[in-house]
Amino acid sequence: MQDGKKAWVILGLLTLLSGCATTHGIDPKDPWEGWNRGVQSFNDGVDDYVMKPVAKGYDWVMPDFADQAVTNFFSNVDDIGVCTNDVLQGKFLQSGQDGARFLVNTTIGVAGLIDVGTMIDLPKHNEDFDQTLGYWGIPTGPYLVLPFFGPSSPRGVFGLVGDAAMNPFTYAGIYINPNWIGAAVSIGPGALKVIDARSDLLGMEKVATEAALDRYEFFKNAYLSRRNYLIHDGKVPDEDVLKFDEMQGGGRGPLDPNPY
């Protein structure tokens, strides 16, 4: 239940943020800029001194095929949430495709380590609970940078709660005894997923850094553009999309500033 607890703790930050904004010269999309810039600096420090060194060590130790297998495994687990959000958004045909992809990868693909689904033209879709809330008309709210989690929004916080509820590892600590083993099973895979995701971004870091005159504005615009792209299933005007062709993966749209 660690992800769910963290997400609920984050909700308390929203109340504090209401006192951080002034009434003069505020960007309505980013009224908490002072807070956000400070948290981004904190997150950048954590990344520089913790995540990046760990990711480099992981990248050095892991053979390419093993690294890809780990990525495939977590992508397959995420498809449980994708299928659920498909249904919640009324995308029943896509839900059937994603369900078939999950079954094929879990069985023939050996627990998702091999992406058999893509080999047989069952493409990977990207759906999460934040997108589901947006589909039903709930506004995203102001831009918000969360400690450790990175770019988000008030709606995105509730999205984190929903995503945690759809992740089977969230419940491992409840049903596995002794408790320390359950906690390890619940927290360990999440930590490995973050490290694997950060490792996959090492090659793109230089491009992103050199592209940004203002690092904060770069990541804010990338986040808002990507969420808009995903919620509208890519049907947005070209001028609304930040295009970084060398950083797009699998046709999933604009740069994701926080893939964790």
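Visitor: Which helix holds Ser 199?

Guide: This is a predicted model, where local features need pLDDT of at least 70, side-chain atom pairs count only at pLDDT 80 or more, and totals for chains, interfaces and linings use all residues. Residues are numbered from 1 along each chain as its sequence is written, and side-chain values use heavy atoms, with hydrogens and water left out. Helices (H or I, at least four residues) and strands (E, at least two) are DSSP runs, numbered from the N terminus. Ser 199 falls within residues 179–200, which form helix 9.

Visitor: Is Ser 199 buried or exposed?

Guide: Buried means under 20% relative accessible area, exposed over 50%, and partly exposed in between (1.4 Å probe, protein chains only). Ser 199 has 5% relative accessibility, so this residue is buried.

Visitor: Which residues is Ser 199 in contact with, leaving aside its neighbours within four places in sequence?

Guide: Contact means heavy atoms within 4.5 Å. With those neighbours set aside, the partners of Ser 199 are Ala 55, Tyr 58 and Asp 59.

Visitor: How many aromatic pairs are there?

Guide: Rings of Phe, Tyr and Trp (its six-membered ring) pair if their centres lie within 6.5 Å. Planes under 30 degrees apart count as stacked, over 60 as edge-to-face and the rest as tilted. By this rule the count is seven.

Visitor: What kind of aromatic pair do Phe 73 and Phe 74 form?

Guide: Their ring centres are 5.2 Å apart. Phe 73 is partly exposed at 26%, whereas Phe 74 is buried at 7%.

Visitor: Which residues form one aromatic cluster with Phe 73?

Guide: Phe 73 belongs to a cluster of aromatic residues.

Visitor: Where does Val 110 lie?

Guide: Val 110 has a phi near 55 degrees, a positive value in a residue other than glycine. At 47% relative accessibility, Val 110 is partly exposed. Its place is the loop between helix 4 (92–107) and helix 5.

Visitor: Which residues form a nonpolar patch with Val 110?

Guide: Patches are made of residues with over 30% relative accessible area and no salt bridge; like charges are joined within 9 Å, nonpolar side chains (Val, Leu, Ile, Met, Phe, Trp, Tyr) within 5 Å. Areas come from the Shrake-Rupley method with a 1.4 Å probe, and for residues only the protein chains shown count as cover. The patch has about 460 Å² of accessible area together. Alongside Val 110, its members are Leu 113, Ile 114, Met 119 and Ile 120.

Visitor: Is Met 119 buried or exposed?

Guide: Met 119 lies in helix 5 (residues 116–119). Its relative accessibility is 60%, so Met 119 is exposed.

Visitor: What is the phi of Phe 148?

Guide: Phe 148 lies in the loop between strand 1 and strand 2 (150–152). This residue is exposed at 56% relative accessibility. Although Phe 148 is not a glycine, its phi is positive, about 75 degrees.

Visitor: How many salt bridges does a search of the whole structure find?

Guide: A salt bridge is a side-chain nitrogen of Lys or Arg within 4 Å of a carboxyl oxygen of Asp or Glu. The search covers the whole structure and finds 18.

Visitor: How many residues apart in sequence are the parts tied together by Lys 220 and Asp 27?

Guide: The two side chains meet in a salt bridge of 3.7 Å, N to O. Lys 220 lies in helix 11 and Asp 27 in the loop between helix 1 (2–17) and helix 2 (33–61), so the parts they tie together are 193 residues apart.

Visitor: Which residues are linked with Lys 220 in a network of salt bridges?

Guide: Lys 220 is buried at 5%, while Asp 27 is partly exposed at 33%. Both belong to the network. With Lys 220 it links Asp 27, Asp 30, Glu 33, Arg 37, Asp 214 and Glu 217.

Visitor: What is the N to O distance between Glu 127 and Lys 91?

Guide: Glu 127 is buried at 8% relative accessibility. Lys 91 is buried at 14%. Their side chains meet in a salt bridge, N to O, at 2.9 Å.
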